Amino acid sequence: MRSLRGLPRGVLLAVVVAFAALSWQLLGLLDAHVWIRAAVAVMAFVVAGAVEVDKELLRRREAREVNESEQKEREEAEFRWLHDVRDSLRCWPLPTVDDVDPYALGVTRSRLADRYTSSGEGVAEYIGRDVDRRCAERLRGSGLLLLVGVPASGVTRSAFECARGVRSGAVVLAPRSPDGLRVALNDLDVVSRLAAGTQVLVWLDRIDMFSESGLTAAMLELLREQTVGLRVVATIASTRYEMWVTGHSELAELFGEPVTLGRALSASERHRAENRYPSVDFGEGIAGAFTAVTALLRRSRAGHSGCPFEPAGGDCGLSRAMIALAADWRATGTTRPLSVHTLLQLVTQPLGSNRSVDPAHAAEALQWGLEPLVEGPSLLCQVADSDGGQYVAMNEQLAEVLMVNSEGPSYEAWCGAIADAESRRDSEAVGQIGFRAHMTGCNVIAGYAWAAITDLDEPAAEWLSKAAAYSFTHRDPAGELQPHYRLLDLIEATSGPDSPRVAMTLDQLGNAWRKCGQAATARDLHERALRIAETTYGPRHVNVAVTLERLGNAWFDLGRPDISRDMHERALQIKEHFYGVDHVEIATNLGELGGAWTFLGEPDKARIFYERVLVIQEREYGPDHPDVAITLDNLGIAWRKLAQPDTARSMLERALQIQERAFGDDDREVGATVANLGGAWFDLGQVAIAREMLERALRIAVREYGHDHAKVAGLLANIASTWNTSGDPGAALGMYERALRIQEREYGSTHPVVGATIANLGSTLFQLGRHSNACEKFERALQIQEGAYGPDHPELATILFNLGTARGALGQLAAARDILQRALQILAIHFPDGHPVGKAIAENLRIIAPDLIVYDNGRIYSQTDTTI
């Protein structure tokens, strides 16, 4: 029977028929009765039927077993899926924002607040904050809100109320850190479980706790494509925001400018709070009032007045020192707890004592810090560690509150934290301490941490890169130098002096030095990087183009726009071949070429390059992007050089509107555009408006760079020009002289910027009647500018005009005639249709040389009709 089961139905039927036929014939040869022969045939067919029935039963049983197995696998998979979902999300099934438990989202439960709820259910009534409207507008507009909260500000509760007010009815997707969102979206595909058209609110409380791969801008963008009207609400403590931004620049850019929530209450917030909760003390803010923060702060401020080792009622200095040291330890950035042994070692230094601490006194002081309040928490808490030692840590909320108001950790705490991390070979802790010291400007401490890094592959080396990135993001080029140089040492030790990573670091160092005003140092670094890049990649590789750009920028700052132009043209050829002629990657090259042509006296060529840049940027970024503003600013400068101040003004005003919206009214980028706009108003003859704008730019520059910076000097010179034009050269003289001192120190005595200021100083002296001194300044300025630009540059025309006028005032008419003719001829070359300065030169030349026929377009004829 078993062998027959394996036969297909058609084969089995053929076998049975053949058997029946054979049996019929054999039985017929044996003269068997017909009924016997028929019975044998019937039996064969019965057996075949039984086999088929057995096969069908077996098939059904196997199918049932398969179905049961598959159902079990599905149930097990669903169970595992559900388990993984609950591990990756705070709430499942996804609740609506109206029904979600706020405590599950991270809102802190408060026993005091619970007294004001109905039967202990729900949360106490929310006290509106002044930023609520701005938060709601941001969430409705861009769909993304990042709320930065000062410690104990109640940032999570405010974010929750904003989400509930803006997105009622949406389901809340609240991933757990560090990788919950990635797992939920990629591995578990929870979005596919949502009904079509479901609105989703992503909740990212303490966004800094998510790993770099666990939360990315690409994830949120993809989720936005997969859902309808996505809204994302994120929170972060102000003490962690700067560190987070450094490692998550794309994510921070996606959220845009964050909204900050303070701990201290405004008058209106306090009024609302006290009206709703009249018996609550809001001196430490709303969150502080409803949590133990207020009590902890009071305890730490009051000190240990009952210490038996101090005079009756006296304050225990040892207790205070322990609390201060624990707070400083936390503020160093280390995540390690503080050993009691280290605490006792370090605590003697702030006390100024060389003797050891009385063990009984130390135990009393420590016990005071560990003693819990009525609310439950204590200033210090004991922490277990693998080595079995005694460790303590400061209350997390209290530590962050104290960190905000602190001037930074003590030197002893810094050094102790680094020594502890080194002794444990905890490279990650070394890096975190170094980064925190770098952030707070403690370069000596940062240097200690960086010196402890011995291998490029250890975790602390990554913090070196983050420190450099932090300074770059915060426009602090001087801060980039220390971590970049340490990185360079490590890279050279690991990969040799000619590796591509060395070239990249040299370029980063060059950029930083150039922004520090050290263009010669930058040039040398970029030239070394270029040699490495050309050897590694070949002369036409796109990486070579990047270094050429940076080297061109350094040459530009060194007053050699001709060399800068050549570098940028070579870089542009490489990039156009690699990317195409209208790719966004070539926009920077085009803009830098525009700058070079501007200073080479070819503003029309510059304008063409800038207009190409503008088309690319508006297509890629939209018309209101800050990069568009920079190009409009450059276009405005080019139009000024083309003697079209009204067109320049319109470009600059549009740029200013974009920048003020993006950065506020007093950002350094805003200041630069305001200065250029002031120049355009000056060209239009609106001297009072020009001075007002230049003085606004000066205030911004002084705040950003200090009183003796080159940018401040340039603005001083421009403001002095307005006083000259207003007929007050006495007011201008001191400004020019101060500007000149700064510029000669910053650029050297032969830089074209110095030449321009000397020429303006000559004009001031001329107005003051000091014609001989004016001639000396004009001649020095002329020598500098000829050396920088060549003999026929349009920048020389104004200096020649002023020099010729001064010579004429001294009675040196022949010399004045030759000088003015040269000035007019230069302008005629560059501006064949005429130039406003050319008209003034022509008028003076007609007076000095009546034998000449002088036209405003620069053409000069003698009385005999011979062109000169």
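These legends walk through a predicted model, one close-up at a time. Residues are numbered from 1 along each chain as its sequence is written, and side-chain values use heavy atoms, with hydrogens and water left out. Local features need pLDDT of at least 70 and side-chain atom pairs count only at pLDDT 80 or more, while totals for chains, interfaces and linings use all residues.

**View 1. The whole chain, to get our bearings.** The chain has 39 helices and 10 strands; these are DSSP runs numbered from the N terminus, with helices being H or I of at least four residues and strands E of at least two. Of its 868 residues, 47% are buried. Here buried means under 20% relative accessible area, exposed over 50%, and partly exposed in between (1.4 Å probe, protein chains only).

View 2. Let's look at helix α13, residues 293-302, where seven of the 10 residues are buried. Among them are Val-293, Ala-295, Leu-296 and Leu-297. The cover over the buried residues of α13 includes α12 (286-290), α14 (317-331), α16 (359-370) and α17 (396-405), judged by contact, meaning heavy atoms within 4.5 Å.

View 3. Glu-70, Glu-73, Glu-75 and Glu-76 form a negative surface patch. Patches are made of residues with over 30% relative accessible area and no salt bridge, with like charges joined within 9 Å and nonpolar side chains (Val, Leu, Ile, Met, Phe, Trp, Tyr) within 5 Å. A salt bridge is a side-chain nitrogen of Lys or Arg within 4 Å of a carboxyl oxygen of Asp or Glu. Glu-76 sits in helix α3, residues 34-88, and is partly exposed at 37% relative accessible area.

View 4. Tyr-411, Val-444 and Tyr-448 make a nonpolar surface patch of about 320 Å², an area that comes from the Shrake-Rupley method with a 1.4 Å probe. Tyr-448 belongs to helix α20, residues 443-451, and is partly exposed, with 39% relative accessibility.

**View 5. Two cis peptide bonds.** The bond from Trp-92 to Pro-93 is cis, with omega near -5 degrees, and Pro-93 lies in the loop between α3 and α4 (111-114). The bond from Ser-177 to Pro-178 is also cis, with omega near 5 degrees; Pro-178 is found in the loop between β2 (171-173) and α7 (180-187).

**View 6. Asp-189 in its loop.** Asp-189 has a positive phi, near 50 degrees, in a residue other than glycine. Its loop runs between α7 and β3 (199-204).

Key. Lys, Arg positive; Asp, Glu negative; His and termini not counted. Charge placed at Lys NZ, Arg CZ, Asp CG, Glu CD.
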